[in-house]
Amino acid sequence: TVGLENTDNKKAGSFSLGMRQRLGIALALVGDPKMIVLDEPINGLDPQGIVEVRQTLEKLRDEKGITIMISSHILDELGKLANAYGIIHEGMLIDEFTTDELNDRCGQYVKIQTDDNTCALVLIKRMGFDAAINSDGVIRVENAMDDTIEINKRLVTANIGVRELTIKNISLEDYYLSVTGGNHNG
């Protein structure tokens, strides 16, 4: 199940770090659990080891239906595997969200601030873009990174003053830092 079938009589003490991580996962599977909890399962692994452990966890999730709870500081890697997230800061659960909610909070989008966001939003939507006014009062436009010049021209032609038009790229790490009070660029 975890990719250790060809180890012959090799002693566990001589296993590579990646093999030891997979052995730890195998031990967690003893008794056919419905859920396993892993702490930093890819910490210290080389890129190949990270891929192998991720594939093993995907297999357990998809083929065996096992819920996997992972504690990790390697946030980009979590984004490749997780479908639900919780952020713990100073011992407190401060946020929980799904992958869809993560995509709403993170990702790449166009941020627009004008002197009339309501009219600007109507115009941008008429152009066929998925857009909304965020809780912070700015317009967030999805899938428009290549269309910023045209959006700006149309806003200016409609006598809407553009205060800001930027492409934002917010990673899971940026989001984590924003909710925990760390520095971020989002």
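**Pocket, cavity and nonpolar cores of the predicted model**

The largest pocket has a volume of about 790 Å³. A pocket is an open set of points on a 1 Å grid over the protein atoms alone, with protein on both sides within 12 Å along at least five of seven lines, and its lining residues have an atom within 4 Å of a point. Grid points are joined across faces, edges and corners, and a volume is the space filled by probe spheres set on the points. The structure is a predicted model, in which local features need pLDDT of at least 70 and side-chain atom pairs count only at pLDDT 80 or more, whereas totals for chains, interfaces and linings use all residues. Residues are numbered from 1 along each chain as its sequence is written, and side-chain values use heavy atoms, with hydrogens and water left out.

The lining of the largest pocket comprises 24 residues, and Ile70, Leu78, Ala84, Tyr85 and Gly86 lie nearest the pocket centre. At least two lining residues each come from strand S2 (67-71), helix H3 (75-78), strand S3 (84-89), strand S4 (92-98) and helix H7 (172-180). By class, 17 of the lining residues are nonpolar, 6 polar and 1 charged.

The largest cavity has a volume of about 80 Å³. Its lining includes Pro41, Arg54, Leu57, Ile70, Glu77 and Leu78, with H2 and H3 each giving two or more residues.

The largest nonpolar core has 16 residues, among which Ile25, Leu29, Ile36, Val53, Leu57 and Leu60 touch the most other members. Such a core is a set of buried Ala, Val, Leu, Ile, Met, Phe, Trp, Tyr and Cys residues joined through side-chain atoms within 4.5 Å. Two or more of its residues are given by each of helix H1 (17-28), strand S1 (35-39) and helix H2 (47-64), and H2 provides the largest share, 4 residues. Beyond four places in sequence, Ile25 touches Val2, Leu38, Val53, Leu57 and Leu60 (heavy atoms within 4.5 Å).

Arg22 is placed in helix H1. This residue is buried, with a relative accessible area of 9% (buried means under 20%, with a 1.4 Å probe and protein chains only). The Arg22 side chain reaches the backbone oxygen of Val2 at 3.2 Å. Apart from neighbours within four places in sequence, the contacts of Arg22 are Val2, Gly3, Leu4, Glu52, Val53 and Thr56.

Conventions: Buried < 20%, exposed > 50% of the residue type's maximum accessible area, 1.4 Å probe, protein only. 1 Å grid on protein atoms, 1.4 Å probe; cavity = no way out; pocket = protein on both sides within 12 Å on 5 of 7 lines; lining within 4 Å. Nonpolar A, V, L, I, M, F, W, Y, C, P; charged D, E, K, R; others polar. Polar contact = N/O pair within 3.5 Å; in protein donor to acceptor, adjacent residues only side chain to side chain.
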